[in-house]
Protein chains: 2
Amino acid sequence: MVAFNTTSKTYHVKGVIPIIAIDLRNPKPIYEQIKDSIKELIITGALKQDEQLPSIREMAQDTSINPNTIQKAYKDLEAEGFIYTVTGRGNFVAPPPQQVDSKRIEKLYSILRETVGELTYLGDSENNIINVVKSAISHSVPQGGSKQ
Amino acid sequence: MVAFNTTSKTYHVKGVIPIIAIDLRNPKPIYEQIKDSIKELIITGALKQDEQLPSIREMAQDTSINPNTIQKAYKDLEAEGFIYTVTGRGNFVAPPPQQVDSKRIEKLYSILRETVGELTYLGDSENNIINVVKSAISHSVPQGGSKQ
DNA sequence: ATAAGTGTACTATATATGTTAGTACACTTA
DNA sequence: TAAGTGTACTAACATATATAGTACACTTAT
């Protein structure tokens with residue numbers, strides 16, 4: 001279920017989906033790496049609504065990451081609406097957002113502009129950029145719909 | 001030349017261009033905010049090649065930010081190729097990159113995919129996203145060319 | 001009721017990062 | 001020589017990150 005060396009670990013859900021890729025050399029905090037991994041699995045539809053996530057203790061055991069660190073990741077994800085938590089039962093994938101979160105969207109637009117601006121400055125072409133964007137859109141799951 | 005309250009400052013270059021918007025409430029480190037501001041001015045063409053940036057001491061004075069923090073921002077920007085430094089003279093806007101930095105581009109693609117993925121998940125439309133992207137491209141300065 | 005498995009809430013400790021403060025030195029320009 | 005550059009340190013402090021350990025509340029199944 002788990003494979004790792006000194007610096008990186010890959011953790012699987014249901015024995016199949018690689019849910020987490022942790023790189024201890026990566027300056028990004030571990031709890032952020034966990035958040036990013038789970039967000040991506042939800043966004044791409046690899047984890048479906050109401051599906052149960054590994055428990056804090058289980059994931060901590062299997063990855064040798066401290067339970068407090070896992071808990072922080074889950075707490076953040078719940079605050080951001082990606083998962084919901086039921087005490088005594090566990091953590092589950094939240095339904096896709098029904099309300100438009102304009103604040104978050106503006107924040108993401110800001111990141112988008114920065115990223116695209118630098119890509120253009122580095123000499124990347126509009127075609128290349130648009131292709132990456134369209135591919136990312138087609139691999140995401142909007143409004144709880146299915147994909148591909 | 002400077003306007004600020006307790007939590008945010010705006011610093012100007014040549015008395016006109018707002019070069020830096022620092023928000024002390026922002027969890028993003030100050031030196032990162034400085035880097036982002038200067039990168040954006042270079043990418044959008046507001047600062048031109050070989051143009052001199054404010055000296056470390058001057059900017060530190062005017063913003064009440066510690067010189068060490070400014071220095072860190074400049075050092076990073078030089079390492080990333082956005083500016084060049086001449087001891088005894090100052091910091092200047094570097095020429096646009098001639099070599100393709102595939103590693104950086106892949107990193108930016110990764111950020112792009114994450115951002116676009118979440119936007120799609122939040123229910124934003126392909127049209128909206130593409131429009132933001134195209135607008136960002138048109139406001140950037142590729143290959144040292146002029147703009148608009 | 002009990003046991004096992006959940007999440008939650010603490011305290012404490014160690015380490016890394018960010019920021020400020022101060023000093024000294026080398027280089028450039030006038 | 002003086003003034004203005006960048007550079008390189010040390011020191012101190014605050015905050016963030018991660019681990020360790022403990023205790024408690026809730027849920028499910030027995």
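Reader: How do the residues of the lining of the second largest pocket divide into nonpolar, polar and charged?
Author: Bearing in mind that this is a predicted model, the lining of the second largest pocket divides into four nonpolar, eight polar and four charged residues.

Reader: And how many residues line that second largest pocket, and which lie nearest its centre?
Author: The second largest pocket has a lining of 16 residues, and those nearest its centre are Ile56(A), Tyr74(A), Thr85(A), Gly90(A) and Asn91(A). The elements that each give two or more residues to this lining are helix 2 (56-63), helix 3 (67-79), strand 4 (83-86) and strand 5 (90-93), which belong to chain A.

Reader: Which element gives the most to the lining of the second largest pocket?
Author: That is helix 3 of chain A, which contributes four residues to the lining of the second largest pocket.

Reader: How much space lies in it, I mean in the second largest pocket?
Author: The second largest pocket holds about 300 Å³ of space.

Reader: Switching to helices now: at what angle do helix 2 and helix 3 of chain B pack?
Author: Helix 2 (residues 56-63) and helix 3 (residues 67-79) of chain B pack at about 130°, and their axes are 9 Å apart.

Reader: What about between the chains, where helix 5 of chain A and helix 5 of chain B cross: at roughly what angle?
Author: Helix 5 (residues 126-138) of chain A and helix 5 of chain B cross at roughly 155°, and their axes come within 11 Å. Because angles over 145 degrees count as roughly antiparallel, helix 5 of chain A is roughly antiparallel to helix 5 of chain B. The residues of this contact divide into eight nonpolar, no polar and four charged, and among those that meet are Glu126(A) and Lys134(A) in chain A and Glu126(B) and Lys134(B) in chain B.

Reader: And helix 4 of chain A, how does it pass helix 5 of chain B, right-handed or left-handed?
Author: Helix 4 of chain A passes helix 5 of chain B in a right-handed crossing. The contact of these two helices has eight nonpolar residues, two polar and one charged. The axes of helix 4 (residues 102-121) of chain A and helix 5 of chain B come within 8 Å and cross at roughly 45°, so the two helices are oblique to each other.

Terms used:
Residues numbered from 1 in each chain as written. Chains lettered and ligands numbered in written order. Predicted model: local features only at pLDDT ≥ 70, side-chain atom pairs only at ≥ 80, totals over all residues. Heavy atoms only, no water. 1 Å grid on protein atoms, 1.4 Å probe; cavity = no way out; pocket = protein on both sides within 12 Å on 5 of 7 lines; lining within 4 Å. Points joined across faces, edges and corners; volume = space filled by probe spheres on them. Nonpolar A, V, L, I, M, F, W, Y, C, P; charged D, E, K, R; others polar. Axes fitted to C-alpha atoms, helices over the stretch in contact; angles between N-to-C directions. Parallel < 35°, antiparallel > 145°, perpendicular 65-115°, else oblique. Left-handed = near helix turned anticlockwise from the far one by under 90°. Contact = heavy atoms within 4.5 Å.
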